[in-house]
Amino acid sequence: MSVQEDSIATRIAEMLQTDGLPGVLISNRPLRAMCADVLRHLQRAKTPIYVRHGQLVRIQRKEDGTPCIETLTEAALKGMLARAMNVVKLTVKGPVHIAPPDTIVKDMLALGEWPFLPLDSIIEVPVFRPDGTLIEIPGYDAATRLVYAPLPTLRIPPVPEEPTWEQIVDALALIDETIGEFPYQNEASKANAVGLLLTPLIRQSITGQVPLALIDATRPGTGKSLLAETVAMIATGRKAAMMTAPYDDDEWRKRIASTLAEGATIITIDNIKARLQAASLDAALTSSIVKERVLGQSKNGIYSQRATWMATGNNIQIGGDLPRRSYWIRMDARTDKPWTRGGFKHDLEEWVPAHRGELIAALLTLARAWFAAGRPATRVPRMGNFQSWADTIGGILAYTQMVAGFLGNLDALYEQADDDAVQWAAFLRAWHELYQEQEVPVSQLAKDIKSGSFDGGDTTLGVAGLFNTLPDDLTDVQKGDFKRRLGKALAARVGTLFDESGLHLVKARMDKRGGIVYWKVVAGLQVSQVAIPQKEENFEENTFLEQAGSLVVLFIPSRKNVGSEENKPAKPANLQDAPVPERREEPWTHFRLLDVVLTPKGEGIVIQDWPMSVGVRLHETLQTVYFSEPQDILKIRVTSSLYRDEYQQALYSPSQWPYNDPAWTDERLAHMGEPTRAELGFPFPDTPQKQEEGQ
């Protein structure tokens, strides 16, 4: 090597190590080799680049200190490379420093697989892992793929590994001091508010999803937004970023996706005015991943959904599937001007940030006490996809004995929010009175409805009655293409039962030549919550319908009776001594309605269990799939049962058929795969002979 060459080599080595950074020499090498050098240097330097759903991302902080997840663009990645390493190129004038070449930057972004850590979301407080351990050290957590990025000023007192009852009582007192003065309507609302405070801290330990917290009040100024801000200030150190409710589902999708793209852990929908109902919101609440097209690009973005959701408003009206995806925190100050109240112990907007560390420690103490005790179970209402959340929060509240009534107002919420069913029931009654069994196309129906808006006669009869009973989302008959909106609304409610009348929509027929669908309203079906055949020979003709928000099963008895058993005396039964009869053991008849099962197509709930046809409503897609092949049915496994204890008492009654029919003995019930009286604790009904003697 000549002196000149040796000098150039020395110069290159010095430039590659400038400022103590690693270096990459741009030379006549394959692009893959130079890109590999860059990746290797980034990995060794532990550069804070992460992989999130097939994209390179980094964590940035906004002006207010909020950490957010940012997808790396070419410009952003190029800047990170320039600050992380030296890039040197040999020219005719000798070695020179250059900016990272665009070819390397583009190649890195296009790789698809990178040696960086996977990232799900950001947390700003210590949270529990699924195994009950606590993430306390800032930085990346490999077990949960979370980055703990607290504010530098946050100081949290030590949380005991096994809290004593004295420590639990102190924690309860501090929490009650924080939110105890809100004017809750009942104990259930207060318990739900404590559950909301706990949710961000235990969110990552829950395998399922978390429902929407409806913070509702009778009057403005009651404290709804303040409670939401208190939750956000404890969880993030700042007030919640409020999002108004869009009126269009497309806008809902965009706002949800853009919020989740930043890694938001607290999402608040504030000051709801109109009816809250959006398919995109329903889907997001029950999904762990949200997919949406990236604005300005022709590709989809995929975002983790691990947020805590809140919505505030006065007398909130919710529709669609949202009632069963929500829990209720209702406030009532019992005054016409609640904003004029005073005498509160603290100004929460100032006091909570000043005591944030102590409040976090108090909440962690309650949760850790429950985990340390072995997660003792308690009875809580069933919440479907949200059962893991309900069991966890309910278990913590029950074990620490803070407040009773968690989720105790769910039935009241369902009743208050069921306006949609009431409206459609009235509309179908008006339809049936006008058309009877006539098959009607959408064009005629839309025309009659519009003419009913000008009818000056009896508003409960004829076309006037049809118009006046229109559901709220269809009342504006002059808006857009009313016929198209009406057709979509009918198609979305085929077979749905809205009340005990049994009236429901069916597609009567379709004119294939003209593409016209004819509709009619049918009545006369008997409704039952559980699929029990009317006679032993009748199970072949059972059919089901699924109502939004609840499950109903219909029966069409076939009358194919081999022999009547109505007048045969029943065998006397002694429930105290009689053993429980053995059940059917065929592998395709071992499920029960409402069992949670794992199928080849995903997890769901059993809504149909016939000898060779099992219907399962999938949690992820909300679609119902049917398994009729033995090899498919044999792969279905029960993961948990919603059938026992208090739930079966809600489904069955000793005064309902077949338990009030002496002809249906426990042996016969067991053979048909139904629970026996001995299992349910029901008395055996009197035979006709005993009933006559009693009279």
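Predicted model: local features only at pLDDT ≥ 70, side-chain atom pairs only at ≥ 80, totals over all residues.
How many disulfides does the structure hold? I looked this up to open the notebook, and the count is zero. My criterion for a disulfide was a pair of cysteine sulfur atoms within 2.5 Å.

Residues are numbered from 1 along each chain as its sequence is written, and side-chain values use heavy atoms, with hydrogens and water left out.

Entry: I checked Cys 35 and found it buried, at a relative accessible area of 3%. Cys 68 is buried as well, at 11%. For the record, buried means under 20% relative accessible area, exposed over 50%, and partly exposed in between (1.4 Å probe, protein chains only).

**Entry: the whole protein.** I noted 22 helices and 30 strands. These are DSSP runs numbered from the N terminus, helices being H or I with at least four residues and strands E with at least two. The protein has 695 residues, and 48% of them count as buried. Its accessible surface comes to about 34400 Å², with 50% of that belonging to carbon and sulfur atoms; the areas come from the Shrake-Rupley method with a 1.4 Å probe, and for residues only the protein chains shown count as cover. I also looked at contacts (heavy atoms within 4.5 Å). Among those between residues at least 6 apart in sequence, 67% join residues at least 24 apart.

**Entry: Thr 144.** I found Thr 144 in the loop between β11 (139-141) and β12 (146-148). Is Thr 144 buried or exposed? It counts as buried, at 11% relative accessibility. Setting aside neighbours within four places in sequence, I listed Asp 120, Arg 129, Pro 130 and Ile 135 as the contacts of Thr 144.

**Entry: α6 and its partners.** Two packed helices are described by the angle between their axes and the distance between the axes. My axes are lines fitted to C-alpha atoms, for helices over the stretch in contact, and angles run from 0 to 180 degrees between N-to-C directions.

I began with α5 (residues 165-179) and α6 (residues 187-202), which pack at an angle of about 110° with axes 11 Å apart. The pair is therefore roughly perpendicular; the classes are under 35 degrees for roughly parallel, over 145 for roughly antiparallel, 65 to 115 for roughly perpendicular, and oblique for the rest. On the α5 side I saw Ile 175, Asp 176 and Ile 179, meeting Lys 190, Ala 193, Val 194 and Leu 197 of α6. By class, this contact has five nonpolar, no polar and two charged residues. Here Ala, Val, Leu, Ile, Met, Phe, Trp, Tyr, Cys and Pro count as nonpolar, Asp, Glu, Lys and Arg as charged, and the others, Gly among them, as polar.

Next came α6 with α11, at about 85° and with axes 10 Å apart. These two are therefore roughly perpendicular to each other. Leu 197, Leu 198, Leu 201 and Ile 202 of α6 make the contact with Ile 360, Leu 363, Leu 364 and Ala 367 of α11. I sorted the residues into eight nonpolar, no polar and no charged.

**Entry: positive phi.** Asn 315 is not a glycine, yet its phi is positive, near 50°. I placed Asn 315 in the loop between β18 (308-314) and β19 (326-331), and it is partly exposed at 37%. Arg 375, also not a glycine, has a positive phi of about 55°. Arg 375 sits in the loop between α11 (356-372) and α12 (387-400), and at 35% relative accessibility it counts as partly exposed.
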